[in-house]
Amino acid sequence: MLQHLCDSGSSSIVRRPYSVSANPPKPPKGKLSNSPGVILLGLLGIGGIAFLSFTQVVGRRQGQSVVPDAEKKPYRQAQTAFSPEEVTVIFVLGGPGAGKGTQCAKLVDKYNFVHLSAGDLLRAEQDREGSEYGQMIKDYIKEGNIVPMEVTIKLLENAMKESIKKDEKQESRFLIDGFPRKMDQAVKFDDSVVPAKKVLFLTCPESTLLERLLERGKTSGRADDNEESIKKRFKTFIDTSMPVVDEYRKQGKVIEVESVGKIDDIFEKICAGLDPVIS
């Protein structure tokens, strides 16, 4: 059962190396170079040269750069679409039918979140006239497979930008449910959009999930709310999404709540986990 499965889990300085020619040019015979460096070495003698070499070695050991400031290259980190100091993202994960949409609606009211459902965005895109991804998305969803991450992440990023543009006074807090469903999606989103702050993980027995989805299928009109597609979705979640939960759990980012019982009781448990996070 899914429940049992779910319960198991300063900037650096780049130094440019100096190269020395294997065959340095020799001064003309009979003539002594008058360059400042030769004159200085002549004045210092062997002892002076040894002293200069010693000070360079000590400088390196003490972490002092021997490269001129003009040669230093600042380290540049990859840029994300949003700053984690300005935008808060909470991923909401759980098996199909775990109640993610229901609980997200209540969280929006209490914490002023913007709720984005990866599944809803994909379903809307598949029906959008002129969409180049429409048929592909439709085929993936029908088979219970995961849509290529580039498509899903771009839809999420665009929806976040649109929300912020529409209301700049809105708290930039986003609940993203049903995503990420694979580890590469999680890494790509964190690196290119914004790192997730927490993961709300709803657990539930598989038998309960199946019952809920079949009941929903009577009125939802969704092509994937049939027993065959549901079982495929269960397997996909177990095989690909649980490693995501396990990884975020290692990072101390998972808030795990059992989504069995009354909706309000489940919500209270969720709030107890989110209150310390949302200031």
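**Close-up 1. Helix 8 packs against helix 9 in this predicted model.** Helix 8 spans residues 206–220, and helix 9 spans residues 227–250. Their axes lie 10 Å apart, at an angle of about 140 degrees. Angles over 145 degrees would count as roughly antiparallel. Helix 8 and helix 9 are therefore oblique to each other. Their crossing is right-handed.

**Close-up 2. Residues at the contact of helix 8 with helix 9.** Helix 8 contributes E206, L209, L210, L213, L214 and R216. Facing them from helix 9 are E227, I230, R233, F234 and I238. Of these contact residues, seven are nonpolar and four are charged. No polar residue takes part.

**Close-up 3. Strand 5 is mostly covered.** The strand runs through residues 173–177, and five of its five residues are buried. Both of its faces are covered. R173, L175 and D177 lie on one side. F174 and I176 lie on the other.

**Close-up 4. Strand 3 pairs with strand 5.** Strand 3 covers residues 88–94 and runs parallel to strand 5. Five bridges join the two. In one of them, V89 is partnered by F174 of strand 5.

**Close-up 5. Strand 4 pairs with strand 5.** Strand 4, residues 114–117, is parallel to strand 5 and joined to it by four bridges. H115 has L175 of strand 5 as its bridge partner.

Methods. Residues are numbered from 1 along each chain as its sequence is written. This is a predicted model: local features need pLDDT of at least 70, side-chain atom pairs count only at pLDDT 80 or more; totals for chains, interfaces and linings use all residues. Side-chain values use heavy atoms; hydrogens and water are left out. Axes are lines fitted to C-alpha atoms, for helices over the stretch in contact, and angles run from 0 to 180 degrees between N-to-C directions. Angles under 35 degrees count as roughly parallel, over 145 as roughly antiparallel, 65 to 115 as roughly perpendicular and the rest as oblique. A crossing is left-handed if the near helix is turned anticlockwise from the far one by less than a right angle, and right-handed if clockwise. Contact means heavy atoms within 4.5 Å. Ala, Val, Leu, Ile, Met, Phe, Trp, Tyr, Cys and Pro count as nonpolar, Asp, Glu, Lys and Arg as charged, and the others, Gly among them, as polar. Buried means under 20% relative accessible area, exposed over 50%, partly exposed in between (1.4 Å probe, protein chains only). Two strands pair if DSSP finds at least two bridges between them.
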